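Here is a short briefing to read with the structure open beside you. Take a look around first, and then we can go through the main points together.

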Amino acid sequence: MDFLIFQVPMLTLQATLDGVLLGILFALIAYGMALQWGVMNIINIAQGDLVILGGYIAYFMYLWGIHPAWGVIVSPFIMYFVGVGIYKLVINKVVDRDLFISILATFGISILFMQLMNFAFGADVVLANSGYGTTMLFDNSVTLPNSKIFSAFISIIFAIGLVIYMKKSKLGRAIRATAQNARAAKILGVDTEKVYAATFGINAALCGVAGALISITFTIHPYMGLPYTIRSFMIVIVAGLGNLPGVAMSGMGLGVFEEFADYILGTEFRIGSVFLLLVLILVYRRFKLSRKREYLK
Amino acid sequence: MKINKIILSFISALALLLSTSVTSFAKVVGDKIILGSAISLTGKYSSNGVHTQNGYNMAVDRINSMGGVKVGGKTYKFEIIYYDDESNPKRAAQLAERLISQDGVEFMLGPYSSGLTKAIAPVTEKYGVPMVEANGASRSLFTKGYKYLFAVLAPANLYLDVAIDLAVEKNGGKPVKIAQAFEQDAFSQDVRLGILEAAERTGSKIIIDDKLPKELNDMAATLAKVKAVKPDVLVVSGHTKGALTAIRQIAEMKVDVPMLAMTHCDAAKLSKQHGKNSEYALCASQWHKTLTYKDKFFGDGMKYAADFEKEFKYDPPYQAAESSAALLVFKDAFERANSFDKKKVRDALAATNMQTFYGNIKFAPGGQNVDKPMVLFQVMCNADGSKCENKVVAPTKWASAKLIHPIPSWSER
């Protein structure tokens, strides 16, 4: 039974397509993480919780009778300010400290967010129905929910939009300059404090978009954030910072990997296999690094 | 230096707080019988924890206003001390310890969920404190030889085996092909055991046996397999997220299966969140308001539901009903024991044989209720899907509607 996926070619196709669509969504979250990691040198453990909070915004719109797809517009707006708020309250105090402090701080934010969301929205698992229907391929043997296609499409649009923004706009250039050398940027008149706040805000906004999409495609729950943090962390580790095509590719790779792990090892090992892959990649990177060092010696 | 001072003052404040709160309650103060309960008011079980608490409170008010408990010619009233266990088993065990050794509670009501009940049971057992619980169905609770644990609900392995019998019956008595997906927690694995037994009993074959993770929100892979191998019945148990995810993705992927059986449908507000997509799902339930059991405190199920709705503004899920029943059991046991001796109350509880609005209650030596069958309801909607209702379809004795089988295919829906 485990290898049903290889006996039925349509299942292989189904898993691949599911994985790619899912991976694009992961890549969007990872892109936000890569951006603020690159600029501020902060690993944001609360990334997944920002995603879930964004999801709740879309969910409440849905409850008020607004189509949840509008969440991809409204949610990033609200989340931008949430992000700036978090920056002003906490992150600006740890941004120049070492990585460990920032991980602790964002871990604290993550726990706080989980509890607050649980307190405010309740512990129920919720979802928003988009009513988008399903695309059937190959005589109904491969099914792609339109909500997943919509998610991938929106993710791509936002990612491309952001790349253009980073290249063309004044703030985008300031962000890139700060990422390259914060001190030099400061000397040349860039208000790095503002840049940091904006970067964190943009990251939160991207999380908001992703959250809205997740509430349409999957389910949301106050305690479901961590797997999204882990996934984006992993995608960024594989792709490296400031490498958007890399993030997209490694996102899709992770999505497909997860789907196949699900079929072959079983759904219970889906998240577990992501963790295992993370460990393997870190070990491999370390191994490669140590070899390089020996070579240099 | 400054930090030391802060820590010191913090510790002394804590010590002060503790010393004032040790003013121990006794089991019975004046005309009050004090019961204790650790309950999940925050954390992941908080919604069901609140249902449980509402059920307890409703019964306390009702029993107190209708004459209270008569022991030794005197009338007593119930009162409950609650602590929030934060949905955390370790915390729940600590709180049980605190309720018993600091607050002096000698009679306990259960927490929400099998996991937390499992954490508390060893503590109550150690102190010989009788606990009537209403929300821990895991079979493993009843095989440990606990003497002071009593559960008003049917054990988890009986949740869905009725569905397999039903599928076999609809298949002309011939064995069926079963696909199943279960979360890996104590409760769902017990439900799974029940299915395995039913499969063996009926000669049915399990063709997909998937396990679901705790962080489940995507089961597309399982469903794609189901689509490929076409089983006669699909069984899913993964608490509310399992039920919600399954219905969403079954509808999106247009998975056709003749019978779909699940747990936690009403906790997940399935028909409200999914509307017509949830139609035809079969759900295991400890209780349903249309059942015709009766008692003198709450009348019957319909009456209970109406009263509950009036007080708490929502339709009572079975988690609330069974919690209310737990207090009826305690009252009955106190009166028969005619004493507040823990041992005597325990023996009276063990000899319980009564009917409540929630069902008949009679405990097996292991502590589980053996006198109340599970019911299966099916979600049925009107033509445009604007209103969906849960109708009991099995066992036949309690059925208020006829089972719709097989589920119409998605192309016809």
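Let's start where the chains meet: 32 residues of chain A are in contact with 32 residues of chain B, a contact being two residues whose C-beta atoms, placed from the backbone, lie within 7 Å. This is a predicted model, in which local features need pLDDT of at least 70 and side-chain atom pairs count only at pLDDT 80 or more, while totals for chains, interfaces and linings use all residues. Residues are numbered from 1 along each chain as its sequence is written, and chains are lettered from A and ligands numbered from 1 in the order in which they are written.

**The side of chain A that touches chain B**

- α2 (9-40), α5 (99-121), β2 (142-145), α11 (244-265) and α12 (270-296) of chain A each contribute at least two residues to this side; helices (H or I, at least four residues) and strands (E, at least two) are DSSP runs, numbered from the N terminus.
- The largest share, four residues, comes from α2(A).
- By type, the residues of this side are 16 nonpolar, 10 polar and six charged. Here Ala, Val, Leu, Ile, Met, Phe, Trp, Tyr, Cys and Pro count as nonpolar, Asp, Glu, Lys and Arg as charged, and the others, Gly among them, as polar.

**A hairpin in chain A**

- Strand β1 (residues 134-137) of chain A pairs with β2(A) in the antiparallel sense over four bridges, where pairing requires at least two bridges found by DSSP.
- A:Leu137 stands opposite A:Val142 in β2(A).
- Four residues lie between the two strands of this hairpin, and A:Phe138 in the turn has a positive phi of about 50°.

**Helices of chain A**

- Helix α3 (residues 47-63) and helix α10 (residues 226-239) of chain A pack at an angle of about 125°, with their axes 6 Å apart. Axes are lines fitted to C-alpha atoms, for helices over the stretch in contact, and angles run from 0 to 180 degrees between N-to-C directions.
- That angle makes α3(A) oblique to α10(A); under 35 degrees counts as roughly parallel, over 145 as roughly antiparallel, 65 to 115 as roughly perpendicular and the rest as oblique.
- A:Ala212, found in helix α9 (residues 192-217) of chain A, is buried, with 33 other C-beta atoms within 10 Å. Buried means 20 or more such atoms within 10 Å, exposed 12 or fewer, and partly exposed in between, with C-beta atoms placed from the backbone.
- Beyond its neighbours within four places in sequence, A:Ala212 is in contact with residues including A:Gly54, A:Ile57, A:Pro68 and A:Ser75.

**The open sheet of chain B**

- Seven strands form an open sheet with mixed pairing, in the order β9-β8-β10-β11-β12-β17-β18 (chain B).
- Its edge strands, β9 (205-212) and β18 (388-394) of chain B, each pair on one side only.
- Neighbouring strands of the sheet are turned by 25° against each other on average, direction ignored.
- Strands β8 (residues 177-183) and β10 (residues 233-237) of chain B pair in the parallel sense over five bridges, and B:Ala181 stands opposite B:Val236 in β10(B).
- Helix α5 (residues 161-170) of chain B packs on the sheet, and its direction makes about 175° with that of β10(B).
- Helix α8 (residues 239-252) of chain B lies across β8, β9, β10 and β11 of chain B, at about 140° to β10(B).
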